[in-house]
Amino acid sequence: MDIETLKERKKGLGGSDIAAIFGLSKWMTPYQLYIDKTTDEIAEEDIDNDQIYWGNLLEPVILQVYTKKTGRLAKKPDPMIWSKEHNFLFANLDAITNCGRIVEVKTSRISSEWGEEGSDDIPQEYILQIQHYMLVTGMQVTDIAVLITGSDFRLYEVHADKELQSIIIDKAKQFWQMVLDRTPPEFTTVEDVQHRFKDQNDSAFFANEDLLDAVIRIKKIKEQAKILEKEEDDIKIKIMSAMQNCSRLLYKDQCLATWSKPKPSKRFDAAAFKINYPELYEQFCKQI
């Protein structure tokens with residue numbers, strides 16, 4: 001995706017943003033999406049990463065297979081389609097067919113996320129994305145052409161759901177108002193908090209009773225986690241000792257467990273490099 005399109009995306013909410021708003025995205029929290037929409041900065045990974053590279057490379061191939069299997073011609077529409085009713089919503093479609101169907105192209109490494117071919121049983125975040133596209137365009141059917149694990153091609157079909165689209169509109173309106181008001185959503189991960197308060201100082205904050213209880217609780221959780229981790233290690237030792245040099249543990253025809261010796265790994269010796277090449281070391285050091 002080119003830089004100009006990425007800049008244009010900051011003016012509204014697209015299909016890939018909706019799962020984040022609902023807290024269902026694998027890639028972005030609501031707070032991270034808010035930061036993306038309220039800053040001019042374009043992240044380098046949004047311009048060039050492996051997922052984008054392979055997606056762009058495979059998309060024409062998957063569309064060719066789609067046309068071959070369905071007989072429907074599919075072509076790339078305008079880069080951005082804006083909703084006529086909701087001016088902060090837009091869609092970036094992979095393709096539209098000659099009979100008025102949206103075609104969404106996906107690749108996946110996990111087959112368990114996908115249901116029976118021909119159904120609408122697809123990952124939840126994609127359901128939200130596709131309903132958003134149909135909401136923006138007014139189209140009623142979307143075909144999903146997905147290539148799973150590089151060789152398993154499947155087709156799914158999703159129809160417009162007005163009730164879900166209404167929920168999407170309400171949620172999107174609330175989120176976009178936060179963007180306009182510069183009011184960030186609640187934090188949902190530790191990383192959100194670390195980003196928001198990255199400029200720390202040496203001052204102290206005095207806890208109230210509620211924060212005191214929270215600190216006591218997290219200490220108890222950490223103690224319990226240590227106990228459970230020790231118990232897990234003890235059980236692993238028992239199982240692996242019984243298996244000895246075998247790599248699989250079987251019960252009748254069922255494989256219960258597997259284990260293998262980790263391969264030796266290499267790591268960069270920064271301390272030795274600093275001693276032997278001090279000038280180069282300083283040249284490539286950066287403050288984080």
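Colleague: In which strand is A95 found?
Modeller: Helices (H or I, at least four residues) and strands (E, at least two) are taken as DSSP runs and numbered from the N terminus. On that assignment, A95 is found in strand β4.

Colleague: On what basis do the values rest?
Modeller: This is a predicted model, in which local features need pLDDT of at least 70 and side-chain atom pairs count only at pLDDT 80 or more, whereas totals for chains, interfaces and linings use all residues. Residues are numbered from 1 along each chain as its sequence is written, and side-chain values use heavy atoms, with hydrogens and water left out.

Colleague: Is A95 buried or exposed, and what is its relative accessible area?
Modeller: Buried means under 20% relative accessible area, exposed means over 50%, and partly exposed lies in between (1.4 Å probe, protein chains only). A95 touches L63, A74, K75, K76, P77, R101, I102 and V103, not counting residues up to four places away in sequence; contact here means heavy atoms within 4.5 Å. A95 is buried, because its relative accessible area is 0%.

Colleague: What is the strand order of the open sheet of five strands?
Modeller: Two strands pair if DSSP finds at least two bridges between them. The edge strands, each pairing on one side only, are β1 (74–75) and β7 (152–159). With mixed pairing, the order is β1-β4-β5-β6-β7.

Colleague: Do β6 and β7 run parallel or antiparallel?
Modeller: Strands of a sheet pair through backbone hydrogen bonds, either parallel or antiparallel. β5 and β6 pair in the parallel sense over seven bridges, with T107 opposite L147 in β6. Strand β6 (residues 141–148) is joined to β7 by eight bridges, and D143 stands opposite E157 in β7. The direction of β6 and β7 is antiparallel.

Colleague: How many of the eight residues of β6 are buried?
Modeller: In a regular strand the side chains alternate between the two faces of the sheet. Both faces of β6 are covered, with V141, D143, A145 and L147 buried on one side and T142, I144, V146 and I148 buried on the other. The strand is therefore largely enclosed by the rest of the structure, the number of buried residues being eight of eight.

Colleague: What angle does helix α6 make with β5?
Modeller: Axes are lines fitted to C-alpha atoms, for helices over the stretch in contact, and angles between N-to-C directions run from 0 to 180 degrees. Helix α5 (residues 50–70) packs on the sheet, touching β1, β4 (95–97), β5 (102–108), β6 and β7, and its direction makes about 120° with that of β5. Helix α6 (residues 124–137) lies across β5, β6 and β7, and its angle to β5 is about 160°.

Colleague: How many residues apart in sequence are the parts that K26 and E113 tie together?
Modeller: A salt bridge is a side-chain nitrogen of Lys or Arg within 4 Å of a carboxyl oxygen of Asp or Glu, and K26 forms one with E113, the closest N and O atoms being 2.6 Å apart. E113 counts as partly exposed at 27% relative accessibility. K26 lies in the loop between α2 (15–21) and α3 (30–38) and E113 in the loop between β5 and α6, so the separation of the parts tied together is 87 residues.

Colleague: Which residue forms a salt bridge with D152?
Modeller: D152 counts as partly exposed at 25% relative accessibility. Its partner, with the closest N and O atoms 2.8 Å apart, is R154.

Colleague: In which helix do D234 and K230 both lie?
Modeller: The side chains of D234 and K230 meet in a salt bridge (2.9 Å, N to O). D234 is partly exposed at 37% relative accessibility, and K230 is partly exposed at 48%. The two residues are four apart, about one turn of the helix, and that helix is α9.

Colleague: How many salt bridges does a search of the whole structure find?
Modeller: R72, R101, D143 and E157 are linked in a network of salt bridges. For the whole structure, the search finds a total of 15.

Colleague: What is the phi of Q244?
Modeller: Most residues other than glycine have a negative phi, and most peptide bonds are trans. T149, in the loop between β6 and β7, has a positive phi near 50°. Q244 lies in the loop between α9 and β8 (248–251) and is exposed, with a relative accessible area of 57%. Although Q244 is not a glycine, its phi is positive, at about 55°.
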